[in-house]
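Student: Could we go through this structure together, asking each time what a label rests on?
Tutor: Gladly, let us take a look.

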Amino acid sequence: MTRLLAIETASAACSAALSIDGEIEERHALAPRQHAALILPMIESLLVEAGLRPGDLDACAFGCGPGSFTGVRIAASIIQGIAFAAGIPVVPVSTLAALAQGGMRASGQDNILAALDARKDEVYWGVYRKTGGAPVLNGEECVSA
């Protein structure tokens with residue numbers, strides 16, 4: 001049985017998901033600047049609902065950006081704390097790659113340009129190609145005007 005906890009706080013959305021053998025339960029809120037208050041209760045409710053403790057997890061994943069500097073720090077610190085206490089590995093996942101994968105699923109396209117507002121009239125972006133089911137970055141993730 002594979003149990004994975006994943007969180008994302010790098011954008012205006014705050015989310016947590018728990019995958020148990022491919023069955024996914026999630027919590028999501030569009031709540032700018034409220035991530036620090038929301039993410040721990042989201043994680044706790046997922047674990048309680050599944051009857052799990054952090055030590056029962058196989059790994060933890062987090063959206064490692066690009067995105068809000070504070071949001072990335074929130075996700076990294078919470079996941080590192082849980083993983084360290086539970087003695088499990090951490091998997092960083094590009095926020096743009098996750099966005100690209102969702103776009104691929106929704107559109108059926110194999111090539112996606114994923115972009116996020118970087119504020120100050122800039123965007124974070126990357127071009128992804130579907131390879132074996134997962135998005136693969138074609139080039140580099142960038143920030144541009």
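Tutor: What follows is a set of questions about labels and the values behind them.

Tutor: This is a predicted model, in which local features need pLDDT of at least 70 and side-chain atom pairs count only at pLDDT 80 or more, while totals for chains, interfaces and linings use all residues. Residues are numbered from 1 along each chain as its sequence is written, and side-chain values use heavy atoms, with hydrogens and water left out.

Student: What makes Thr95 buried or exposed?
Tutor: Buried means under 20% relative accessible area, exposed means over 50%, and partly exposed is in between, with a 1.4 Å probe and protein chains only. Thr95 has a relative accessible area of 7%, so Thr95 is buried.

Student: Which residues does Thr95 touch?
Tutor: Contact means heavy atoms within 4.5 Å. Not counting residues up to four places away in sequence, Thr95 touches Glu8, Ala10, Gly63, Cys64, Gly65, Pro66 and Leu116.

Student: Where is Thr95 found?
Tutor: Thr95 is in helix 3. Helices (H or I, at least four residues) and strands (E, at least two) are DSSP runs, numbered from the N terminus.

Student: How do you know what span to expect for helix 3?
Tutor: The expected span is 1.5 Å times one less than the number of residues. Helix 3 (residues 95-107) has 13 residues and reaches 18 Å from its first C-alpha to its last, close to the 18 Å expected.

Student: Which residues of helix 3 are buried, and what covers them?
Tutor: Thr95, Leu96, Ala97, Ala100 and Met104 are the buried ones. Their cover includes strand 1 (3-8), strand 4 (59-63), strand 5 (90-93), strand 6 (111-119), strand 7 (122-131) and strand 8 (134-137).

Student: What is found at the start of helix 3, and what just after it?
Tutor: At the start, a side-chain oxygen of Ser94 comes to within 3.2 Å of the backbone nitrogen of Leu96. Just after the helix, Gly108 has a positive phi of about 80°.

Student: Why is the peptide bond from Gly65 to Pro66 called cis?
Tutor: Its omega is near 10°, and the bond is cis. Pro66 sits in the loop between strand 4 and helix 2.

Student: What makes a set of residues a nonpolar core?
Tutor: The members are buried Ala, Val, Leu, Ile, Met, Phe, Trp, Tyr and Cys residues joined through side-chain atoms within 4.5 Å. The largest nonpolar core has 21 residues, and those with the most contacts inside it are Leu5, Ile7, Ile39, Ile43 and Leu57. Strand 1, strand 2 (13-20), helix 1 (35-50), strand 4 and helix 2 (69-86) each supply at least two residues. Helix 2 gives the most, with 6 residues. Apart from this core lies another, of 10 residues, among them Ala100, Met104, Ile112 and Tyr128.

Student: How do you know what counts as the lining of a pocket?
Tutor: On a 1 Å grid over the protein atoms alone, a pocket is an open set of points where a 1.4 Å probe fits, with protein on both sides within 12 Å along at least five of seven lines, and lining residues have an atom within 4 Å of a point. The largest pocket is lined by 30 residues, of which Ala6, Glu8, Ser15, Ala17 and Ala98 lie nearest its centre. About 930 Å³ of space lies in this pocket.

Student: Why is Arg129 called partly exposed, and where is it found?
Tutor: Arg129 is at 41% relative accessibility, so Arg129 counts as partly exposed. Arg129 is in strand 7.

Notes. Polar contact = N/O pair within 3.5 Å; in protein donor to acceptor, adjacent residues only side chain to side chain. Points joined across faces, edges and corners; volume = space filled by probe spheres on them.
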